[in-house]
Amino acid sequence: MAKLTYHVLVWKEEKWYVARCLELEVASQGKTKKEALANLREAVDLYLEDEDLERFLLPKMVKPQISQIRVS
């Protein structure tokens with residue numbers, strides 16, 4: 001199976017680190033950043049387990065941009 005690469009956002013909420021895959025809307029958590037990323041990797045593997053992986057391949061030129069907005 002081909003190795004897929006996705007972008008992940010990690011942040012800390014109180015005592016837990018949260019890791020979220022931006023392209024797949026899959027998230028997980030752990031007590032450390034390393035644990036959160038390992039748990040996310042497992043969650044993504046399970047999410048993709050029975051899927052057609054061609055559908056989830058990203059074009060090589062795709063680079064997500066993180067922006068901020070203000071709302072009232």
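I started at Q29, which touches W16, Y17, V18, E35, A36 and N39, leaving out residues up to four places away in sequence. Contact here means heavy atoms within 4.5 Å. I noted that this is a predicted model, where local features need pLDDT of at least 70, side-chain atom pairs count only at pLDDT 80 or more, and totals for chains, interfaces and linings use all residues. Residues are numbered from 1 along each chain as its sequence is written, and side-chain values use heavy atoms, with hydrogens and water left out.

**Entry: Q29 itself**

I looked up where Q29 sits: it lies in strand β3, residues 26–30. Helices (H or I, at least four residues) and strands (E, at least two) are DSSP runs, numbered from the N terminus. The cut-offs are under 20% relative accessible area for buried and over 50% for exposed, with partly exposed in between (1.4 Å probe, protein chains only). I also checked K12: Q29 and K12 are 17 residues apart in sequence, and their C-alpha atoms are 9.3 Å apart in space.

**Entry: the chain**

I read the pattern along the sequence as β-β-β-α. That comes to one helix and three strands. The chain has 72 residues, and 19% of them are buried. I looked up the surface next: the accessible surface of the chain is about 6500 Å², and 51% of it belongs to carbon and sulfur atoms. These areas come from the Shrake-Rupley method with a 1.4 Å probe; for residues, only the protein chains shown count as cover. Among contacts between residues at least 6 apart in sequence, 21% join residues at least 24 apart.

**Entry: the sheet**

I traced three strands in an open sheet, in the order β1-β2-β3, with antiparallel pairing. Two strands pair if DSSP finds at least two bridges between them. Neighbouring strands are turned by 20° against each other on average, direction ignored. Axes are lines fitted to C-alpha atoms, for helices over the stretch in contact, and angles run from 0 to 180 degrees between N-to-C directions.

I then followed β1 and β2, which pair in the antiparallel sense over six bridges. V8 stands opposite C21 in β2. The hairpin of these strands has two residues between them, and E14 there takes a positive phi near 55°. α1 lies across β1, β2 and β3, and runs at about 145° to β3.

**Entry: the core**

Which residues form the largest nonpolar core? I listed nine: Y6, A19, C21, L24, V26, A36, L40, V44 and L48. Such a core is a set of buried Ala, Val, Leu, Ile, Met, Phe, Trp, Tyr and Cys residues joined through side-chain atoms within 4.5 Å. β2 (16–21) and α1 (33–48) are the elements that give two or more residues to this core. α1 gives the most, with four residues. I picked out A19: its contacts include V8, V26, A36 and L40, not counting residues up to four places away in sequence.

**Entry: the salt bridge**

I found one salt bridge in the structure. The term needs a side-chain nitrogen of Lys or Arg within 4 Å of a carboxyl oxygen of Asp or Glu. R20 forms it with E25, the closest N and O atoms being 2.8 Å apart. R20 is partly exposed, with a relative accessible area of 27%. E25 counts as exposed because its relative accessibility is 56%.
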